[in-house]
Amino acid sequence: MNEKKTFYITTPIYYPSAKLHIGHAYCTTIADAVARFKRLAGYEVFFLTGSDEHGQKIQRTAEAENLKPIEYVDKIVAGFKELWKRLEISNDDFIRTSEPRHHKVVQEIFRRIRDKGDIYKGEYTGLYCTPCESYWTELQLDENGCCPDCHRPVEKVSEEAYFFKMSKYADAVLKYIEENPDFLEPKSRRNEMINFIKQGLEDLCISRTSFNWGIPVPDDEKHVIYVWFDALTNYLTPIGFLDDEEKFKKFWPADLHLVGKEIVRFHTIIWGCILMALGIDLPKKVYGHGWLVIGGDKMSKSKGNVVDPMLLIDEFSADAIRYFLLREITLGQDGNFNRDALIQRINSDLANDLGNLLHRTLNMIGKFQNKILLAPTEGTEIDKSLKDMAIETAKNYRQLMEDMKISDAVKTVWQFIGRSNKYIDETAPWKLAKDETQKQNLANVLYNLAESLRIISILISPFMPATSRKIHEQLQISQPFEEIRLEDAEIFGKIEKNHEVGKPEQLFPRIEIK
């Protein structure tokens with residue numbers, strides 16, 4: 001018997017921010033769609049997200065609010081978990097870097113690399129960006145002498161610190177990226193990292209003494225471990241790095257680290273060097289997605305252009321938000337979030353195309369055949385073309401999702417939805433119902449429409465899980481929803497004859513624009 005295929009996918013662990021915004025939802029929604037697709041395709045999936053809770057910025061913010069750092073992050077993490085629940089994010093674990101299980105892993109990794117001779121104590125004097133938790137040289141600053149990532153002022157710091165010999169692994173990481181073109185996507189990010197390494201890598205400062213909100217350095221507790229050395233190792237903690245060798249072998253190396261383009265450097269260069277020092281395989285793929293922008297500007301609290309995802313879900317539903325983010329934005333590129341465009345998509349794609357297809361189909365089956373689907377025959381050329389397109393759609397969809405072309409996968413399903421609506425107009429079931437000699441043709445048309453909707457419900461399940469389930473329930477499919485697999489969408493004709501469908505209920509009400 002073949003062993004079940006596994007798939008380990010991660011999002012970055014999110015830095016606790018006092019204000020959640022739709023950008024937080026974007027990356028996690030992509031990851032959730034991929035994880036759901038892989039489960040649909042028969043994989044055993046482990047999907048990880050979480051929160052990166054240590055560092056000077058958190059400590060300062062908590063102190064300003066007269067809170068302990070853990071009290072401050074507890075409140076924000078609760079908000080993250082609530083958002084993921086409302087978006088129906090299907091993560092298998094939520095890792096917090098403040099958890100004891102993670103402290104144990106970070107300290108053991110520090111010990112192993114130190115014992116190997118790749119960590120040493122020295123003096124750090126340089127430039128530090130507190131918001132980004134990043135060290136920079138003078139040459140790396142922007143034209144205003146600020147952080148090149150967030151463009152805010154940097155601080156000059158001088159303190160005793162531990163350093164990781166990252167420079168020792170620069171050539172090996174460069175060689176790995178160059179020889180494994182699939183390791184880092186899209187190609188533009190890969191080229192950026194190659195050029196960054198070729199400029200020269202310095203050893204990495206991995207501890208601080210000027211604050212204490214972090215994981216203590218083993219045997220030298222006046223130091224806390226620098227946030228990226230701490231944060232990146234979170235990907236090892238939940239899959240049994242220290243306490244479950246079988247689980248670790250099953251899921252590592254990770255199949256996909258999905259990260260924002262601004263932290264690709266940490267997940268390929270720094271993380272790559274750490275893993276090489278540990279003698280552990282690098283992840284199979286790191287994918288750097290673009291930003292969600294408003295009017296051409298990256299969404300951020302400081303710019304005042306934050307869109308609250310909770311309010312959007314209240315107003316439009318989680319599935320509508322998921323659909324818009326996944327369809328509208330090409331993975332790897334920046335995408336514009338626009339409220340008017342969202343409403344237009346809901347009205348045209350969800351209420352009109354998908355909602356009407358389901359409502360019209362179930363209404364006609366109820367009206368013309370008393371809710372019963374009669375046994376179909378081979379039918380006409382028009383019938384055949386619909387069935388052929390259904391199978392072709394499922395086939396193309398599988399390949400597009402495997403290639404991480406999520407927006408194209410959504411669009412190919414909607415092309416089939418459009419074809420199904422056109423099929424109703426072409427066959428005119430209301431006319432067939434008036435002619436007794438057309439009884440079999442009517443049965444064929446209504447069966448084909450129900451089957452098309454069954455297939456559509458499967459294909460949209462990674463994007464719109466709640467809507468997928470509603471269609472499944474209204475069709476009254478006997479197969480349990482949780483047991484459905486992608487192969488069920490690649491066969492036309494799975495609904496049995498004399499199957500009774502349910503009553504149509506509206507999926508998405510139209511939004512009236514005032």
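The largest cavity holds about 50 Å³ of space. This is a predicted model, where local features need pLDDT of at least 70, side-chain atom pairs count only at pLDDT 80 or more, and totals for chains, interfaces and linings use all residues. Residues are numbered from 1 along each chain as its sequence is written, and side-chain values use heavy atoms, with hydrogens and water left out.

**Exercise 1.** Find which residues line the largest cavity, and sort them by type.

*Solution.* Start with the term: a cavity is a set of points on a 1 Å grid over the protein atoms alone where a 1.4 Å probe fits but cannot get out, and lining residues have an atom within 4 Å of a point. Next, pick out the lining, which includes His54, Tyr128, Arg208, Trp213 and Val224. Then sort: seven are nonpolar, three polar and two charged. Here Asp, Glu, Lys and Arg count as charged, Ala, Val, Leu, Ile, Met, Phe, Trp, Tyr, Cys and Pro as nonpolar, and the others as polar.

**Exercise 2.** Work out where Arg208 sits in the sheet.

*Solution.* First, get the strand order: β9-β11-β10, an open, antiparallel sheet. Its edge strands are β9 (207-208) and β10 (216-217). Strands are DSSP E runs of at least two residues, and two of them pair if DSSP finds at least two bridges between them. Now look across: Arg208 stands opposite Val224 in β11.

**Exercise 3.** Describe the second largest cavity.

*Solution.* Its space comes to about 40 Å³. Among its lining residues are Tyr26, Leu325 and Ser407. By type, that lining has seven nonpolar, one polar and no charged residues.

Notes:
On a 1 Å grid over the protein atoms alone, a cavity is a set of points where a 1.4 Å probe fits but cannot get out, and a pocket is an open set with protein on both sides within 12 Å along at least five of seven lines; lining residues have an atom within 4 Å of a point. Grid points are joined across faces, edges and corners, and a volume is the space filled by probe spheres set on the points. Helices (H or I, at least four residues) and strands (E, at least two) are DSSP runs, numbered from the N terminus.
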